[in-house]
Amino acid sequence: MTDRKLQALRNLAERPGTEAEGVLAREILERLEAKQTPEEHVWSKFRDFLRSGNLEGLAAATGGGDTVCDCGNRHPRLTLCVRLDLHTIVAQEIQDRFQRGARVYYNYWAYPANCPATVTGYSASSFCSIRLKFDHLKNPRSVRIYRAGRWHLFTQPLDEETLQQTGLRGGMENIEVVE
Ligand SMILES: [Zn+2]
């Protein structure tokens, strides 16, 4: 069946002239979808998305499952997190905890443990990030410091044991990156 015919069938299923037409069109569509290969299924959901903005259907077709936002909210993959209230709380907490000019220590993978830095500002584009001037880097940069309940920035260096236990550096505790 060509895309064009499939599209006509979808239109009929969504906007049938009569109720019976709609039932019939949906039955045929279901039968066709059952015969699709996984790739065809993803493409058909992608076309749906382009036409109707059905992102959840596309996310389900591409392997489904959920993703966890940095705020901790679980939501379907490829969709935006809707818990903007949580994003606001985290962004505010970042500003309360870390003032501009504060000396801080960053623990995250690809950075040396307790990487020293100074807070230079806040991130406008990411609620879980902050702008830091690392001692070892020339320019300030925006880095993620909060992920689903875990902080990666501190006002005191963490001791080795705490670092090992918390796994804050994502299992890369033993890898020192020299920049
Ligand atoms: Zn979120």
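Author: Helices (H or I, at least four residues) and strands (E, at least two) are DSSP runs, numbered from the N terminus. Residues are numbered from 1 along each chain as its sequence is written. This is a predicted model, where local features need pLDDT of at least 70, side-chain atom pairs count only at pLDDT 80 or more, and totals for chains, interfaces and linings use all residues.

Reader: Where is Ile145 found?

Author: Ile145 sits in the loop between β6 (141–144) and β7 (146–147).

Reader: Is Ile145 buried or exposed?

Author: Start with the rule. A residue is buried if 20 or more other C-beta atoms lie within 10 Å of its own, exposed if 12 or fewer, and partly exposed in between; C-beta atoms are placed from the backbone. Ile145 has 26 other C-beta atoms within 10 Å, so it is buried. Of the 179 residues of the chain, 16% count as buried.

Reader: Which residues is Ile145 in contact with, leaving aside its neighbours within four places in sequence?

Author: Contact means that two C-beta atoms, placed from the backbone, lie within 7 Å. For Ile145 the partners include Ile94, Cys128, Trp151 and Leu153.

Reader: How should I read the faces of strand β3?

Author: In a regular strand the side chains alternate between the two faces of the sheet. In β3 (residues 103–106), Val104 and Tyr106 form the covered face. Arg103 and Tyr105 form the uncovered one.

Reader: Which strands does β3 pair with?

Author: Two strands pair if DSSP finds at least two bridges between them. β3 pairs with β4 (residues 115–122) in the antiparallel sense, over 4 bridges. β3 also pairs with β9 (residues 153–154), again antiparallel, over 2 bridges. Tyr105 has Pro116 as its bridge partner in β4, and Tyr105 stands opposite Phe154 in β9.

Reader: How many helices and strands does the chain have?

Author: The chain has 6 helices and 9 strands. Its radius of gyration, taken over C-alpha atoms, is 24 Å, well over the 16 Å that the globule rule gives for 179 residues, so the chain is more spread out than a compact globule. That rule is 2.2 Å times the number of residues to the power 0.38.

Reader: What separates the centres of domain 1 and domain 2?

Author: Domain bounds come from an automatic or database domain assignment. Domain 1 is 3–68 and domain 2 is 84–166. Their centres, over C-alpha atoms, are 44 Å apart.

Reader: Where does pLDDT stay under 50?

Author: pLDDT is the predictor's confidence in each residue, from 0 to 100. Over residues 172–179 it stays under 50. Where pLDDT is low, the predicted coordinates should not be read in detail. The mean pLDDT of the chain is 85.
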